[in-house]
Amino acid sequence: MHVVYPGSFDPFTNGHLDVTRRAARLFGKVTVAVLENPSKRGQYLFSAEERVEIIRESVRDLSNVEVATFQGLLAEFVKAIGAQAIVKGLRAVSDYEYELQMAHLNRQLVPGLETLFILAATRYSFVSSTMVKEIARYGGDVSKLVPPATLRALKAKYG
Ligand code: COD
């Protein structure tokens with residue numbers, strides 16, 4: 001089965017990498033889909049190209065994982081590339097409410113489109129891109145929270 005793991009990935013964390021690895025073990029093909037939202041360009045720390053580059057480097061050892069960008073509706077993108085399901089990571093109940101709404105709406109947009117959830121690993125369940133950026137901005141150590149490619153990119157941004 002071909003699945004899509006979508007997100008902002010601004011930036012890609014060890015939590016994202018863990019979900020990608022586990023999805024790659026379960027499914028034949030995984031497309032990590034990076035949201036490129038032109039109207040929110042200024043709100044991202046990393047450009048879509050930078051995020052794709054970081055993810056490609058982080059998943060280099062996973063032969064059935066590819067990385068792509070998408071704009072507009074996720075459900076349309078999944079349909080266009082011929083994938084069968086969306087994979088999401090769940091950290092806490094707070095994620096669940098938002099994800100539940102999106103899963104229902106995506107299935108309404110493309111009937112039959114399933115959303116499958118992978119529970120965050122305990123050790124990464126507290127990791128978020130937002131917190132990683134905040135810690136890095138103030139010079140804190142995020143080396144245990146992100147893959148080496150993200151760490152290098154954060155150091156280049158913040159010095
Ligand atoms: N451990 C496990 N999973 C995690 C972790 C962690 N530490 N951190 C994040 N995750 C999961 C998230 O729950 C999410 O499933 C995924 O990883 C990506 O996370 P983020 O934060 O990078 O990405 P989001 O949540 O901002 O991505 C939102 C989408 C881009 C998927 C969404 O906005 C979208 O589909 N947009 C396109 C427009 C659209 O179709 N909208 C929906 C209409 S119904």
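Student: Which residues have the most contacts inside the largest nonpolar core?

Tutor: Val30, Ile55, Val59, Val87 and Val142 do, in a core of 35 residues. A nonpolar core here is a set of buried Ala, Val, Leu, Ile, Met, Phe, Trp, Tyr and Cys residues joined through side-chain atoms within 4.5 Å. Buried means under 20% relative accessible area, exposed means over 50%, and partly exposed is in between (1.4 Å probe, protein chains only).

Student: Which helices and strands each supply at least two residues of this core?

Tutor: The strands are strand 1 (2-7), strand 2 (29-35), strand 3 (65-70) and strand 4 (85-90). The helices are helix 1 (14-26), helix 2 (48-58), helix 5 (129-137) and helix 6 (148-158). Helices (H or I, at least four residues) and strands (E, at least two) are DSSP runs, numbered from the N terminus.

Student: What kind of model is this, and how are residues numbered?

Tutor: It is a predicted model: local features need pLDDT of at least 70, side-chain atom pairs count only at pLDDT 80 or more, and totals for chains, interfaces and linings use all residues. Residues are numbered from 1 along each chain as its sequence is written, and side-chain values use heavy atoms, with hydrogens and water left out.

Student: Back to Val30. Where is it, and is it buried or exposed?

Tutor: Val30 sits in strand 2. Val30 counts as buried because its relative accessibility is 0%.

Student: What does Val30 touch, beyond residues up to four places away in sequence?

Tutor: Val3, Tyr5, Ala23, Ala24, Asn64, Val65 and Glu66. Contact means heavy atoms within 4.5 Å.

Student: And Ile55, leaving aside neighbours within four places?

Tutor: Ile55 is in contact with Phe9, Phe12, Val32, Val34 and Val67.

Student: Where does Pro11 lie, and what joins it to Asp10?

Tutor: Pro11 is in the loop between strand 1 and helix 1. A cis peptide bond joins Asp10 and Pro11, with omega about 5°.

Student: Which side chain meets Asp10 in a salt bridge?

Tutor: Lys133 does, at 3.1 Å, N to O. Lys133 is in helix 5 and Asp10 in the loop between strand 1 and helix 1, 123 residues apart. Both Lys133 and Asp10 are buried. A salt bridge is a side-chain nitrogen of Lys or Arg within 4 Å of a carboxyl oxygen of Asp or Glu.

Student: How many salt bridges does the structure hold?

Tutor: There are 9. One of them pairs Glu66 with Lys29, with the closest N and O atoms 3.7 Å apart. Glu66 is in strand 3 and Lys29 in strand 2, 37 residues apart. Glu66 is partly exposed because its relative accessibility is 37%. Lys29 is partly exposed too, with a relative accessible area of 33%.

Student: What about Glu57 and Arg152?

Tutor: Their side chains meet in a salt bridge as well (2.2 Å, N to O). This pair links helix 2, which holds Glu57, with helix 6, which holds Arg152. They are 95 residues apart in the chain.

Student: Stay on helix 6. Which of its residues are buried, and what do they pack against?

Tutor: The buried ones are Ala149, Thr150, Leu151, Ala153 and Leu154. They pack against helix 2 and helix 5. Helix 6 is followed by Gly159, whose phi is positive, near 80°.

Student: New topic. Where is Asn106, and is it buried or exposed?

Tutor: Asn106 is in helix 4 (residues 93-109). At 10% relative accessibility, Asn106 counts as buried. Leaving out residues up to four places away in sequence, Asn106 touches Leu74, Ala75, Ile86 and Leu113.

Student: Last one. Which residues does UniProt list for the domain?

Tutor: The UniProt record, an unreviewed entry, lists residues 4-134 for "domain: Cytidyltransferase-like". UniProt positions are given in the numbering used here, feature names are shortened, and annotations may be inferred rather than shown by experiment. Over residues 4-134 the chain is 41% helix and 22% strand.
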